[in-house]
Amino acid sequence: MSEFVNVAVDGMGGDHAPYEIVKGAVEAVNENSHVKVFLTGQADKIDSELAKYTYNKEQIEVVNTTEIIEMAEPPVMAIRKKKDSSLVKALNLVKEGSCDAFVSAGSTGATLVGGQVIVGRIKGVERPPLAPLIPTATGCSLLIDCGANVDARPSHLVQFAKMGSVYMESVMGVKSPKVAIVNIGAEEEKGNALVKETFPLLKNCPDIHFIGSIEARDIPAGLADVVVCEAFVGNVILKMYEGVGSILIKKVKEGMMTSLRSKIGALLVKPALKKTLKAFDLEQYGGAPLLGLNGLVVKTHGSSKAIEIKNSILQCITFTEQNINQKIKEKITMEEN
């Protein structure tokens with residue numbers, strides 16, 4: 001077994017590539033000596049960025065590529081035609097077994113397509129979901145799915161719940177994680193056709209701790225550890241989270257600057273407030289893993305800065321060391337039997 005957890009990082013993906021990507025990779029290896037990063041992309045540009053930093057040279061390797069998949073490109077066509085792109089090359093490193101995981105801030109569509117086509121799904125997994133961690137009053141919850149399957153079926157949501165439970169228990173250390181389905185009310189008879197059909201399936205699923213429905217307003221309170229929904233609803237929840245969070249922080253800062261008294265008060269509460277606001281910063285939780293694949297694929301925001309890239313790389317270590325894929329295989333196999 002390798003002494004490192006090997007993570008392939010799309011060095012040319014995202015709004016701030018390659019400089020923020022490279023910076024995040026350097027910060028990750030400087031923080032953890034058990035990870036090795038394979039940066040795929042235009043070697044001259046990546047090497048130029050790496051030259052700015054001090055790090056263990058054994059922990060970062062540059063894999064030269066000649067193509068870049070742009071955000072607006074049709075995902076399927078891009079994956080097929082741009083074989084020497086930074087994204088495809090990195091995914092192939094996972095497929096070949098050279099790397100344990102893949103991280104990209106590039107095209108979401110290409111990452112989702114490439115993850116399924118190149119890395120491949122675990123046998124028995126119907127649809128791999130994107131599952132980001134979101135901050136709550138009690139810590140964090142897993143939102144599953146947030147963008148991969150907008151036309152999910154009840155059987156898909158049941159698998160999402162199982163995979164999410166494995167992730168929260170093994171990666172986040174939550175014993176018997178509470179699972180809830182997003183609904184417009186707490187009553188069992190509430191909801192659209194998908195929720196009504198899925199609810200009894202989750203209720204009768206013996207290997208998850210299902211607690212029923214959860215309304216969107218209760219998600220930030222941390223009433224559930226795994227929040228199950230199809231991708232349309234999940235994406236709306238995630239984007240609302242991000243929008244409200246940024247506006248709230250902005251308004252708090254503005255309020256503290258309105259008068260001399262408020263400015264003095266701001267100086268007094270600044271340390272405690274900074275710590276509190278940091279807990280609600282989505283960048284602190286890394287990217288969203290695409291669960292149910294033969295290797296770990298992590299999608300970060302297109303606007304990701306170094307801190308999110310670093311945290312996305314570091315979360316790959318726990319995922320790999322806890323052997324999450326094997327545990328998901330066991331859950332799905334149990335379901336088939």
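Biologist: Before we start, what are we looking at?

Modeller: A predicted model, in which local features need pLDDT of at least 70, side-chain atom pairs count only at pLDDT 80 or more, and totals for chains, interfaces and linings use all residues. Residues are numbered from 1 along each chain as its sequence is written, and side-chain values use heavy atoms, with hydrogens and water left out.

Biologist: What makes β5 and β8 edge strands?

Modeller: Helices (H or I, at least four residues) and strands (E, at least two) are DSSP runs numbered from the N terminus, and two strands pair if DSSP finds at least two bridges between them. The 5 strands form an open sheet with mixed pairing, in the order β5-β6-β9-β7-β8. β5 (133–136) and β8 (209–214) each have a single partner strand, so one side of each is left without a neighbour in the sheet. Direction ignored, neighbouring strands are turned by 30° against each other on average.

Biologist: How do you know that β7 and β8 are paired?

Modeller: Strand β7 (residues 178–182) and β8 share 5 bridges in the parallel sense, while the rule asks for at least two.

Biologist: Which helix lies across β5, β6 and β7?

Modeller: That is α8 (residues 231–256), which runs at about 50° to β5.

Biologist: Why are α1 and α10 called oblique to each other?

Modeller: Axes are lines fitted to C-alpha atoms, for helices over the stretch in contact, and angles run from 0 to 180 degrees between N-to-C directions. Under 35 degrees counts as roughly parallel, over 145 as roughly antiparallel, 65 to 115 as roughly perpendicular, and the rest as oblique. Helix α1 (residues 19–31) and helix α10 (residues 306–321) pack at about 45°, with axes 7 Å apart, and are therefore oblique.

Biologist: Which residues of α1 and α10 make the contact?

Modeller: Contact means heavy atoms within 4.5 Å. On α1 the residues include I21, A25 and A28, and on α10 they include I309, I313 and L314. The residues of this contact divide into 8 nonpolar, 1 polar and 5 charged. For that count, Ala, Val, Leu, Ile, Met, Phe, Trp, Tyr, Cys and Pro are nonpolar, Asp, Glu, Lys and Arg are charged, and the others, Gly among them, are polar.

Biologist: Why is Y53 called partly exposed?

Modeller: Buried means under 20% relative accessible area, exposed over 50%, and partly exposed in between (1.4 Å probe, protein chains only). Y53 has 26%, so Y53 is partly exposed. Y53 sits in the loop between α2 (43–50) and β3 (60–64), and touches Y19, V22, K23 and V26, not counting residues up to four places away in sequence. Y53 and V26 are 27 residues apart in sequence but 7.4 Å apart in space, C-alpha to C-alpha.

Biologist: What is noted about phi of S176?

Modeller: S176 has a positive phi of about 45° although it is not a glycine. S176 lies in the loop between α6 and β7, and its 39% relative accessibility makes S176 partly exposed.

Biologist: And where is N323 found?

Modeller: In the loop between α10 and α11 (324–336). Phi of N323 is near 55°, a positive value in a residue other than glycine, and N323 counts as partly exposed at 43%.
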